[in-house]
Amino acid sequence: MRELTYIARRTVEWREAPDPRLQSDGQAIVAPMAATSCDVDSSILAGHGFIDPPFALGHECVARVVETGDAVTTVAPGDLVVVPWSINCGTCERCRAGLTAHCTAVPYMAMYGAPIGGAWGGLFSDLVRVPYADAMLVPLPAGLDPVAMASASDNWSLAWRLVAPHLKDRPGARVLVVARGSIGLYVCDIARALGASDVLYVDPDPEHRTLARAFGAATAETLDPIPQGYDIAVEATGRVDQLALAVKSLTPEGMCESAGNHFRPGELPLLDMYLNGVTLRIARDNVRAHIPDALALAASGKVAPEKVVSRVIDWEDLPTALPEKHLKPVFVRADD
């Protein structure tokens with residue numbers, strides 16, 4: 001089989017690798033059918049990652065189940081499934097608590113798309129082994145388009161978690177979104193669908209702002225702090241200065257969720273945060289726990305994740321098209 005391999009800044013190529021094989025009766029082999037790049041992939045391709053190449057890329061896809069072990073009960077060959085980005089067993093204490101990104105059955109930070117916590121391969125590959133099929137794989141609900149939901153492995157479900165639980169606790173809250181890509185746009189769509197009274201989307205990209213307005217958000221190119229302006233803030237830029245502006249705009253006891261990959265250091269206004277009673281969460285997402293709820297919202301018809309898909313591209317064009325700048329390209333291959 002082939003796996004798409006990151007070899008240098010803005011450079012990827014197909015490389016041959018052995019076909020994955022079942023190593024226990026609880027595993028599955030899947031074939032990605034609709035895969036997309038995450039904001040982390042964009043940072044890696046731009047040369048801002050912290051892991052030296054080469055390694056297999058990709059951690060967001062909808063896949064077709066090819067083979068299952070005898071003990072697998074939740075999926076069967078032929079099923080379309082969401083493959084979560086992190087490797088998790090589903091049975092350890094942390095997994096049972098929903099902390100699937102911190103599973104104790106595998107090395108720390110085990111994931112697809114980067115050789116962290118072991119070499120698990122990437123989801124831009126012809127075939128992928130899933131070590132805990134029942135725990136990890138989530139059947140795609142009937143009627144949902146694999147292209148629209150290619151990001152359910154990470155960004156779509158992460159966006160749900162960034163805002164949906166907080167809006168449940170704070171109905172009608174005002175939401176600030178400071179972003180540079182798909183996560184923030186998904187948040188705009190989800191926040192409006194779940195009853196946010198006001199959504200402001202901040203992004204220097206005019207095309208992104210146009211899409212955010214289609215989701216009912218007000219937009220701005222840059223952010224001047226709006227003291228006590230928003231109940232919930234979501235930062236998805238990876239820039240500490242933007243995170244600082246977001247927390248300065250919160251109401252007393254406001255909540256800020258940071259989904260940015262902060263590879264570079266910076267300073268936060270800690271005294272202001274202390275005086276205002278800000279809660280800040282910076283975290284990788286325990287995505288497996290949220291995928292079912294995020295898919296249910298997508299199936300409800302209240303949201304339109306397909307609008308964020310910027311281009312649909314043939315699987316064979318991955319080496320040339322992935323390094324190009326796109327908001328949310330989805331790479332698809334024929335379903336034989």
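Reader: Which residues is Val-12 in contact with, leaving aside its neighbours within four places in sequence?
Author: In this predicted model, Val-12 is in contact with Leu-4, Thr-5, Tyr-6, Ile-7, Leu-45, Leu-57, Leu-318, Pro-319 and Pro-323.

Reader: What makes these count as contacts?
Author: The cut-off is 4.5 Å between heavy atoms. Leu-318 is one of the residues that pass it with Val-12.

Reader: Where is Val-12 found?
Author: Val-12 sits in strand E2, residues 11–16.

Reader: Is Val-12 buried or exposed, and how do you know?
Author: Its relative accessible area is 8%. Buried means under 20%. Therefore Val-12 is called buried.

Reader: How far apart are Val-12 and Ala-220 in sequence and in space?
Author: They are 208 residues apart in sequence. In space the gap is 34 Å, C-alpha to C-alpha.

Reader: Now the pockets. What volume has the largest pocket?
Author: About 890 Å³.

Reader: How many residues line the largest pocket, and which lie nearest its centre?
Author: The lining has 34 residues. Nearest the centre are Asp-39, Ser-42, Ser-43, Arg-180 and Gly-181.

Reader: Which elements give two or more residues to that lining?
Author: Helix H1 (39–45), helix H5 (182–193) and helix H6 (206–214) do. H1 gives the most, with five residues.

Reader: How do the lining residues of the largest pocket divide?
Author: Eleven are nonpolar, 13 polar and ten charged. Asp and Arg count as charged, so Asp-39 and Arg-180 belong to the charged class. Gly counts as polar, so Gly-181 goes there.

Reader: Which domains does the lining of the largest pocket draw on?
Author: Domain 1 (2–154 + 286–332) and domain 2 (155–282) each give at least three residues.

Reader: What about the second largest pocket: what is its volume?
Author: About 610 Å³. Of its 32 lining residues, Val-40, Met-111, Asn-261, Phe-263 and Arg-284 are the closest to its centre.

Reader: Which element supplies the largest share of that lining?
Author: H1, with three residues. H1 and helix H4 (155–169) each supply at least two.

Reader: How many nonpolar residues are in the lining of the second largest pocket?
Author: The lining has 19 nonpolar residues, beside eight polar and five charged. Val, Met and Phe count as nonpolar, so Val-40, Met-111 and Phe-263 fall in that class.

Reader: From which domains does the lining of the second largest pocket draw?
Author: From domain 1 (2–154 + 286–332) and domain 2 (155–282), with at least three residues from each.

Key:
Residues are numbered from 1 along each chain as its sequence is written. This is a predicted model: local features need pLDDT of at least 70, side-chain atom pairs count only at pLDDT 80 or more; totals for chains, interfaces and linings use all residues. Side-chain values use heavy atoms; hydrogens and water are left out. On a 1 Å grid over the protein atoms alone, a cavity is a set of points where a 1.4 Å probe fits but cannot get out, and a pocket is an open set with protein on both sides within 12 Å along at least five of seven lines; lining residues have an atom within 4 Å of a point. Grid points are joined across faces, edges and corners, and a volume is the space filled by probe spheres set on the points. Helices (H or I, at least four residues) and strands (E, at least two) are DSSP runs, numbered from the N terminus. Domain bounds come from an automatic or database domain assignment. Buried means under 20% relative accessible area, exposed over 50%, partly exposed in between (1.4 Å probe, protein chains only).
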